[in-house]
Amino acid sequence: MTFNQAGLLYSCTEAAETWDQVVEYRPARDFVFSATRLLRSLDDSADSPLWCEAAGLLRACRRLTCTVPLPFHAPELGFARSSVRLRQLADGMSGLAVSAHEELLEAIAALETLRRGSADPLGDCAREFLVLGRLDRAVLVFADRKFTVPVAESMRRRGVPVRVETYSVLRQDDVFEAAAAVGGPAWLPPWLLDAPRAENLAVVHYGFFREQVAQEPLFASAFDGAAAGRAVSRPVERARPYSVEAPASIGSAAAEGAAPLAADECSPAEEILTWLSGRGGRSGGADARDVHVEARIAVLSDGSHVLIPAAAHARVLAVDTGAEPGRRVAHLLAADLSCGDFLALRRSSHDRHVRERADALLGADGPRLREVQAAWKRQLQERVDRHARGIPGVAEDLRRRGAATANVAYWISEPCIRTRSQDDFAVVMRYLGRGEDAEAVWADLTRIDSAHRRAGHRYEADLEAALARCDVRRIAESGYDEVVLPSSHETVSVTRIDQFLPGVYQVPAYTLCSLRVSEDL
């Protein structure tokens with residue numbers, strides 16, 4: 001940021017007007033509270049095999065209703081497809097859990113009423129606000145990059161050809177005359193309000209939520225924590241509710257007198273955590289014995305998220321957009337990552353991708369070597385299963401036999417190839433009754449380890465070459481781009497961390513460091 005840009009930003013922040021703009025539309029309210037009543041009554045049962053798919057569909061439709069400014073019949077929202085599937089699920093539940101079944105039918109009816117209309121209440125409100133100024137100096141922002149193109153087209157068809165972006169554009173150096181930010185108050189990134197990049201900012205949302213829009217007078221955060229003179233204290237103005245007339249609605253008893261939604265309801269964070277709870281061995285290819293590790297959840301500038309390992313020694317693949325060509329790819333300590341750092345991510349984990357490349361390097365001998373790798377880990381897992389104290393008991397046994405380290409949980413996990421120390425590996429093999437094989441097995445595992453290292457280095461070189469062909473400065477400004485690796489033609493997302501969700505979570509190790517988008521949830 002130049003001094004001139006800083007001056008413009010400071011002037012904008014001093015004069016900025018922020019409006020809390022509530023939208024009212026009865027069919028949206030009927031569906032959101034019908035779905036919420038069912039989800040609240042199900043509580044933990046929402047994750048059961050009987051209810052998990054229906055609950056997931058309702059959560060997703062509820063989130064899209066509240067966060068995406070598109071007409072409800074837009075195919076991108078998928079409400080027609082979701083309502084058909086929900087009907088099928090409801091038919092299969094007939095006669096079971098009577099009260100919950102009735103609540104599901106009511107939520108489906110409300111969703112069908114919603115999606116049959118062409119109303120776009122959030123978009124209408126945003127359009128009415130943005131046309132008050134110059135459209136070439138206006139922007140519409142929301143959370144999920146997946147919908148920016150259809151929303152921009154929808155705005156254009158309705159005579160408002162305005163720039164459409166994710167929230168992250170309001171973290172950059174541009175200053176807008178007007179910005180409409182769509183989404184629940186509790187979901188807004190804190191930096192969007194504490195140092196606004198718009199002279200007039202409207203937070204457009206339905207009035208379903210307990211939290212209200214609040215502005216922290218912390219102009220310092222615009223400079224990543226640097227001191228910046230006097231604070232901004234202009235209050236948020238409560239605008240008159242924007243009401244959209246609805247066609248005759250079936251009405252919903254759930255919407256009458258319903259408690260407002262809390263911050264952890266109807267939010268991307270809710271779906272991320274629900275998705276994680278379903279990865280304890282049931283679905284997604286997970287095995288019940290998959291090793292779990294601690295992780296933080298990072299929300300990225302394109303609206304996706306990634307699970308970052310919390311272990312102090314763990315490293316992740318990052319991109320330094322300010323470095324010279326050939327030095328942009330780096331392995332950073334996961335514990336040192338912060339908002340503003342860029343990651344290079346694929347839809348599958350980095351470890352699994354490197355394994356695929358390593359298998360190609362191992363050639364025809366690969367299957368035999370992988371079986372050698374699997375065999376010692378399988379035998380160690382069997383000892384864990386038989387031991388009365390499980391992993392801690394086996395670790396204690398190995399230490400008594402002379403192992404300097406006994407990271408048994410990692411050794412039996414998918415990413416592990418061998419122990420770090422050959423001496424420790426010899427202890428493990430004797431413990432398994434295969435002491436005479438230790439040297440030969442170690443040699444085979446060393447070949448696999450070497451192939452993984454070469455595959456990793458080639459991948460990083462490939463990524464460096466792809467970045468050399470890109471406008472890295474534009475990536476730094478926008479917070480997101482996709483690059484194509486020259487040798488494999490694979491696509492890698494380079495995206496910025498915009499915030500971390502609070503807390504540390506136990507997650508399967510295979511879910512770490514892979515790009516997760518809303519349709520994964």
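This is a predicted model: local features need pLDDT of at least 70, side-chain atom pairs count only at pLDDT 80 or more; totals for chains, interfaces and linings use all residues.

Colleague: Fine. Where does Asp462 lie?

Modeller: Asp462 is part of helix H15, which covers residues 438-468.

Colleague: Is Asp462 buried or exposed?

Modeller: Asp462 is buried, because its relative accessibility is 7% and the cut-off for buried is under 20%.

Colleague: And which residues does Asp462 touch, leaving out those up to four places away in sequence?

Modeller: Arg357, Leu485, Pro486, Ser487 and Ser488. Arg357 belongs to H10, and Asp462 is among the H15 residues that meet H10.

Colleague: How do the axes of H10 and H15 cross?

Modeller: H10 runs over residues 350-362, and its axis comes within 8 Å of that of H15, at a crossing angle of roughly 110 degrees. The two helices are therefore roughly perpendicular to each other. The crossing is right-handed.

Colleague: What else sits in that contact?

Modeller: From H10, the residues include His353, Ala358 and Leu361, and from H15 they include Ile448, Ala451 and Tyr459. The contact residues divide into eight nonpolar, four polar and six charged.

Colleague: Change of topic. What should helix H3 span, at 1.5 Å a residue?

Modeller: H3 has 16 residues, 52-67, so it should span 22 Å. The C-alpha atoms at its ends are 22 Å apart, which agrees.

Colleague: Which residues of H3 are buried?

Modeller: Among them are Ala54, Ala55, Leu58, Cys61 and Leu64. The buried residues of H3 also include Arg59, Arg62 and Arg63.

Notes
Residues are numbered from 1 along each chain as its sequence is written. Side-chain values use heavy atoms; hydrogens and water are left out. Helices (H or I, at least four residues) and strands (E, at least two) are DSSP runs, numbered from the N terminus. Buried means under 20% relative accessible area, exposed over 50%, partly exposed in between (1.4 Å probe, protein chains only). Contact means heavy atoms within 4.5 Å. Axes are lines fitted to C-alpha atoms, for helices over the stretch in contact, and angles run from 0 to 180 degrees between N-to-C directions. Angles under 35 degrees count as roughly parallel, over 145 as roughly antiparallel, 65 to 115 as roughly perpendicular and the rest as oblique. A crossing is left-handed if the near helix is turned anticlockwise from the far one by less than a right angle, and right-handed if clockwise. Ala, Val, Leu, Ile, Met, Phe, Trp, Tyr, Cys and Pro count as nonpolar, Asp, Glu, Lys and Arg as charged, and the others, Gly among them, as polar. The expected span of a helix is 1.5 Å times one less than its number of residues.
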